[in-house]
Amino acid sequence: MSDEIIRRDPRAEWIARNRLHPLHAAMVEQGAVEVRGPSGLIRRNPHAVGFIGPNGIKRIDRLNGNSQAAGGSRRSAAKAVELPLHKVESPEYYIAVVPDLVGGRLTAHDKDVLGQAHQLIAALNATGAVNGAVVAITFGDCREDGFDKAGADRLLQFSEAVFDGYAPEARIAALEQVEKSLAPRFWLFPDSVAGGFEVGLRLAARLDERPLTQAWQVGLQTTICRGAGGTSDISRPTERFLLLTPECANPVDETRHEALALDPIDRPDVAPALEDLGQVAVDPNSVALGEAEFILSAGNGIHNWENFHRAAEVLGATEAGSRVVVDDGYLPRFRQVGASGTWVTARVYIAVGISGAVQHLQGIAQCDKVVAVNTDVGCDMVKRAALSVIDDGDEVLSELIELVQKYRQGEVTDAA
Amino acid sequence: MQPKVSADLRVVALVSVGKHPSSGRARRADQDARAVEMGLRLTPQALEVIHAGDSSNSVLRDYAGMGLQAVKVLEQPPQADVLPALVEYLGASLPDIIMTGVRAESGESSGMTPYLLSEKLGIPVVTGIAEIRSVSQGYAEVLQALPRGQRRALRVQLPFIASVDSAAMPARQSAYGAAMRAQVEAEQVSIEVVDSVRASWEETPARKRPKRLKVVKAKTAADRFKAATAKATGDGGAVMRDESAAEKAKAIFDLLVEEGVLR
């Protein structure tokens, strides 16, 4: 205690009071906010708080240095955080994941399945296994660049032309080779109509395994699956083949992974019994709006409606509209996108003359690529869009129609 | 629309007992009924409908009421694995087209039946077809249902197995009189394999799955506040302002081509 007794120094106090004293500057610490005064009391200097901002006005940071994260400047807020890298050297076992890769990119379902794979590895590690790696196996054209963040430790890509389009037999032959060379501890597939269901069941039938389909709660010992067309839960022992429902597990979001390419695996050539004759043209307006893949949507910025309908026809896009144009009678009610209309899931959504009300943005929350055509650069749709064009909608659509017509005639070949 | 077929085509539809999604009552399974409908359109007189299970089940009459002369039943106990019986029966004289639903509405409903049959019988399987366009010279051209209402044309050699998707033509109504007139031909099968693995399973009514919560992993109060209030904006893509309309249209066009939505 005796150390903390503060002794007054009357002379120092006198000097501190007297600003004209030659020793005054030494007695009063300039710049420090809190100073122990000569009397022993804490003195706060309000003039020393804060800093002079770039415009010469004093700024006081009351967030204790967190102002960057709080969105003080928008650009720094968007700066990506570098996640810690999860490394697996010389893995002892693999968990194979075959993602759907709709349009060459990982779907949310695929990411859930990758997250489930890491949960299984964590559970296996708890039982004493070491060094498990998740290997993602892709076929055909792959445009995904986020395998590291989605949780793929290894990547096995079959990119030959054989695998393009619908080639289940070639894929199964390749996966059989993967089974022989890597012998994965688990095979995980998304149980989806986009392809995971078919590939998973074909491979399980070929390898004479009994798969767990519609699995939604997976443990090392038991798994709960949906049965009887989704009306019952079956609790059963976990097997090697798992077909997982969406949201079976949380996607990986706290680590980065290596996504190292594995050495290519030889695959036998198979003579396919199924011949892919290509996709058949379907009238895009006969497809339900909620499941349309490509939508051309009109808002208040459209004046030439004939041009809009022609554009939708030429592009092969499904027509849709914002609430305003539906209320005005330009489009039927079932074409309305947004909170009181349809929630769409399109891969590509072109919004022409839609500024983006909150209700409308809710309706397109699940769209992958949004293209905005608008005259107002500050509107919310432009903030949401992957590509924004600041121009009159009618004009851009006319140009687009011409381009696509030339493309169909084979004149524009160097696109993209 | 009647597809073009040759006269001696032999089509078999495998049917199961369905379950109404909300009442839980036994009914004709939706996809199986669509398979029967497709078969009736291919070969109105010669379609063979087979069920492996209990011949006294009244649901079979619902199928028969679609205009069938007979429904063939391979007698199996409820806990049996029906696959060996089906393989034996179908393998004895292989039909040209075997149709099933994609997934059953009762039991495990794994959807494995067509794939296992395909492996055991050594014939190809086509998943989720919506229509059979034509059958000629040993080949069939079928339309496969894809997600988002799309269709893909496939050519496959006979014989083959097809699972029929819910996008196929809806099944016709079942008529009571026709259902009563039709024969239910029970056939005693020598093979009975009990599915012993399944005995250990525990089956309960489906539990409602918890909704995924949006977990905000924010370190500071300011971050949490922002996560709770901020609008969901993208990462702010490219903005084109001063280019000509043609250049802007070209940029959109390139994006469409890159995404592969222009066909």
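View 1. With a relative accessibility of 8%, S109(B) counts as buried (buried is under 20% relative accessible area, exposed is over 50%, and partly exposed is in between, using a 1.4 Å probe and protein chains only). You'll find S109(B) in the loop between strand 7 and helix 4 (113–121) of chain B. Helices (H or I, at least four residues) and strands (E, at least two) are DSSP runs, numbered from the N terminus. The phi of S109(B) is near 45 degrees, a positive value in a residue other than glycine. Most residues other than glycine have a negative phi.

A quick note for all the views: this is a predicted model, where local features need pLDDT of at least 70, side-chain atom pairs count only at pLDDT 80 or more, and totals for chains, interfaces and linings use all residues. Residues are numbered from 1 along each chain as its sequence is written, chains are lettered from A and ligands numbered from 1 in the order in which they are written, and side-chain values use heavy atoms, with hydrogens and water left out.

View 2. Is D208(A) buried or exposed? D208(A) is exposed, with a relative accessible area of 62%. Its place is the loop between helix 7 (196–206) and strand 10 (212–218) of chain A. Phi of D208(A) is near 60 degrees, which is positive although the residue isn't glycine.

**View 3. A385(A), a buried loop residue of chain A.** Look in the loop between helix 11 (380–384) and strand 21 (387–390) of chain A to spot A385(A). A385(A) is buried, at a relative accessible area of 1%. V371(A) sits 14 residues away along the chain, yet the C-alpha atoms of A385(A) and V371(A) are separated by 5.4 Å.

View 4. Going from L158(B) to P159(B), the peptide bond is cis, with omega near -10 degrees. Most peptide bonds are trans. P159(B) belongs to the loop between strand 10 (151–157) and strand 11 of chain B.

**View 5. An open sheet with strands from chains A and B.** Ten strands line up in the order 16(A)-10(B)-9(B)-8(B)-11(B)-7(B)-1(B)-4(B)-5(B)-12(B), with mixed pairing (two strands pair if DSSP finds at least two bridges between them). At the edges are strand 16 (274–280) of chain A and strand 12 (183–188) of chain B, each pairing on one side only. Inside the sheet, strand 1 (residues 11–14) and strand 4 (residues 48–53) of chain B run parallel and are joined by three bridges. A13(B) stands opposite V49(B) in strand 4 of chain B.

**View 6. L90(B) and the largest nonpolar core.** Which residues touch the most other members of the largest nonpolar core? Among its 50 residues, they are I137(A), W187(A) and L90(B). A nonpolar core is a set of buried Ala, Val, Leu, Ile, Met, Phe, Trp, Tyr and Cys residues joined through side-chain atoms within 4.5 Å. Leaving out residues up to four places away in sequence, L90(B) touches V12(B), L14(B), I50(B), P95(B), I98(B), L117(B) and L121(B) (contact means heavy atoms within 4.5 Å). A second, separate core of 40 residues includes M38(B), L40(B), A64(B) and L154(B). In soluble globular proteins, nonpolar side chains tend to be buried together.
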